[in-house]
Amino acid sequence: MKPARPLAVLLLATAFGTAPAAAQVAAPFDMGIERDALPPGLATTPAATPGAAPAAAPALTGELRGATVTEVPAVALAPPTFDRPIVPYRNFRLAGEVDGQSWTTYLTAAQASAPATLHLAFRNALLVAPEASRLRLLINDRLVIETAVANSEDPAELAVELPAGLLHAGANRMRIEVSQRHRTDCTVQSTYELWTDIDTARTFISFADPAASAITQLGDLRAVGVDATGQAVVNILLPGLEQAAATRDLMRVAEAVAIRLDAPAQVVRVSATDGGGHGPGILSVVIGTVDELRPILGDTVMDSVSGPTIAFLQGLEGPTLLISGRSWADIGVAVDGLVGPLTPPAGATRVAVSSLSWHFPEIQVMAGNSRLSLAELGVPTTEFSGRRFRTGFQVAMPYDLYAQAYGYASLFLDAAYAPEVLPGGHIDVYVNGEIAATTPILTRGGGILRHLEVGVPLRHFKAGTNLVEIEAVLPTASDGVCVPGATASNVSRFALFDTTEFAMPAYARAAQLPDLAALAGAGFPFGDEPLALVLGRLAPETMSAAATFLAQLAVMGGRPIDVNPAASPSSSATPFGLFVGAASQMPTGVADIAGIADTAIGGWIDPVAVDPGIPLEVAAPADNTATFDRWRDTLAGGGGWRGQISSFSDWLSRTFDISLATLRFGGAQRLDYLPPDGAGLLLAQGAPQAGQTSWTVLTAPTGDTLQRTTELLVRPENWGRVEGQVATYWPATGAVEVVPLAGADIVFTQPATPTNLRMVATNWLSKNLLVYGGLLLGLCILLGIATSWLLKSVGRQS
C-alpha cells in the first residue's frame, strides 16, 4: 500500500483575487452527502463561535482514498445580502385549464433559519377569466400564495414573508400550480389559448441574513442553486491550463462539481486569467499549484497549503472552491477525494435519475416487468370540471433499451367520467410530446374505468427520461350553448385516481452504436471504460466546451467519466474517444470514423461570424411542417424517380407504418455528412470498427462558437432533442436537427439468456424487413422442398 499523503482541508474566506483579511473561525470541512462514504474513523468537530479569535483547530484525521485529512485554522467574511432564484427552468409556462410543476430547492441550515421573503412574478393570457382562475404556490406542502390569475397587461409581483420553521435545511419541495378558465369560449379548442408565464428572474427567495449565502461544506454545494435562466454556472480559474497534466483533473473536477450541484443544466467556463463573475447560481473554482496561485490568492492563503487541498474561499459575492497542492500530483490526490465518493460500485444498477432539483418526485428507472402507480409517480387523485384535462409524469429508461420496433407498455387506467360527457370525447396518452394511444368515449350516461388497459408502443420511448402525459377531452351539450358563466362551472366531469398504474413489460436489452439518444440520455458508451479525450487546442474556449459537455454527460449518466487526455487519435488505445475542437483542428481519421465529410474540416462557414447579430438567446424553433409539406408535394408532383420514391415512402408510412430505412441490410452505415450553412454546432458519433477507437465528435466552425453553442445545446429544451447519428444546433433559430440512424451495431450488455436473445432478434428483424422477408421466403422454400421429398418418399407410387 502506498503511504498516505496529507490532504489539508481549508475553510478560507477572502475577496476573490485579493489577499485575505482578518479572520473568524468557521465550520470545519464536511463531506455532507458523502458522509456515509467516509471511513468510520473520520470525525468532525463543532463549529466555533462566530467572532471568536483565531485559534488552532483540533486535528481531524482519517484515511480518504489514500490521503490524510487535517483541519487548519480558518477565516471567514460575510457576503452582502443576496436573492436566491428558485425556478429551475429558463422558460416556465403553465398552459391549459390545469397545470403544475414540482421540484425541490436545497438550502443550507443558515438559509433555512434566516428570515426570508418569497417573491413571485407572473403574467397571463388576456383570455383567462380572473374570477374563475387561481394560481397557487406551495412550499413543503403548505400553501404560501394563492391569488387570482388577473394580470394580462402588467406582470403581477407578489411578496410574502415566510413563517419561521417553514423552510428546513436540505431539500425543500416547491410547487406552482394553476387552474384557468376561458372568459367567453366553452370549446375544447379554446383551452389552448390559456397560459400563465412565471417570470423566472423575479421569482426568488430573499434572505435577510447576509451570512446565509456562505457555503462551507461540499454537501451544501446544491445550495448554489441556479441563476435567473435556470442553470448553474461554474467558473474555473486555471492558470496552468496549457499544461497537458491539467486537462484530466480539470475535466474530472467539472464532472464532480456538476453532479454535486445537481442542477437541471450547468455551464463550465474555463480561464487562465479571469475568475468570472459572482451572483446567484454561480460557483467559482480555483485550480492550481501553490506557485501558480500565490500571485492571485496571496502568501497568507497559499502558505497554509502543505499538500493536497480542497478549500472553500468565501468571497464577498459568492462561494469559491480551491483545489490546490504543492504539485500537480498533489492536486490529483485532492481531485480523487472529490470524485471518489461519487463513483458507484462496479456492477451497480441505477434505479433512479437524480432529478429533484427540477422534477419531484425522483424519476424512477423502469426495468423490465415493473409497474408504478400514479401515487408513486407524483400524480394525486384529481377531480376536474373543465373541458380538457392534462397531467403527466416522468419515467426513465436504461441506455440499452432495444425495443424501438416492437412491444407495448401498459397504462392501467382508473378513472371516471360524468353522464354529461358526450360520445366523441377521448382519453389520449402522449409520450415525449407525441400521441401514442387513444381511448374513445363511446357511451352516454357516464362510466367508471377500472384498470382499463391502454397499450403504449415502446417505440415512443428513448434512453434517459421520458415524459408521459394523460389527456382527457370532455365535450358536453352545454358547451355548445355556452351561457354566461358556463366556463366557471365547478361540476366535475372527470376524475383520475392515483391507483392508475403504468407497467413496463420485459424488453430487449442491448445497446446500439452509434446512438446519440443513449449518449444524451444516459451517457453511454462513456463511463465503464476510460475515455480518450482529444482537444483541438489547449485553449479556454475548447476546454470550456469539453468541460461543459462532459459535465452534462456525467450528470445524465449519474457517474463521473474517467478521462484520459490524448495528444492525437493515434496515441489512443481505448475503445471510445471524444474529440472536441474547431472543425479545422479535427484529424481526418476521426472525421472519417464519425461520418463527417472531409470538406467540413476547412469549408464550414461560421454562422455567428457571418452575422454577429444572431441572437444566441432564442425561443423554440418555429414549426416548419407546412413549408416541408409544400416542398414534398412539389417534388412528388413533379415526376421523376425522386418524386416516385417520395410518394412510395409516404404510402408505406401511412398504410403500414413502415419507413424506407427498414428496407435495408446490415448494421451501421458510414455517412459522409457535410454541415449545412447555418449550423453552428455538430455532434456526431461513429460506429465501432475492429481494432479502432469509436469516436464521438463535438465541433463547430471556430472555438468561440463551439463554446457558446455548447452552452446552448446542454439546456434541457435542446438536449432532449439529441438523437440519431448526427445532431446539429442552429444558433439563429434554436433548432436541433438530427440525422436518423442509418443502421447501428448491436452491443450486448446483458447475459446471453434465451429470452433476451429472442427479444433482441424480434426487434432487429422488425427493423430489417428485407432480412425478415428473405428468411421467411427461405423457410417457405425449404418447407416446400421438404414436403416434396416427404411425399415422394412415403406417398403411393404409380
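**Strand pairing in a predicted model**

Trainee: In β11, which residue is the bridge partner of glycine 100?

Mentor: This is a predicted model, where local features need pLDDT of at least 70, side-chain atom pairs count only at pLDDT 80 or more, and totals for chains, interfaces and linings use all residues. Residues are numbered from 1 along each chain as its sequence is written, and side-chain values use heavy atoms, with hydrogens and water left out. A strand is a DSSP run (E, at least two residues), numbered from the N terminus. For glycine 100, the bridge partner in β11 is glutamate 177.

Trainee: How many bridges join β6 to β11?

Mentor: Two strands pair if DSSP finds at least two bridges between them. β6 and β11 (residues 170–179) run antiparallel, and the number of bridges joining them is ten.

Trainee: How many of the ten residues of β24 are buried?

Mentor: Buried means under 20% relative accessible area (1.4 Å probe, protein chains only). β24 (residues 408–417) is mostly covered, and its count of buried residues is nine.

Trainee: Which residue in β27 stands opposite phenylalanine 412?

Mentor: β24 pairs with β27 (residues 447–457) in the antiparallel sense over nine bridges. Opposite phenylalanine 412 stands glutamate 453.

Key. Buried < 20%, exposed > 50% of the residue type's maximum accessible area, 1.4 Å probe, protein only. Helix = DSSP H or I, 4+ residues; strand = E, 2+ residues; numbered from the N terminus.
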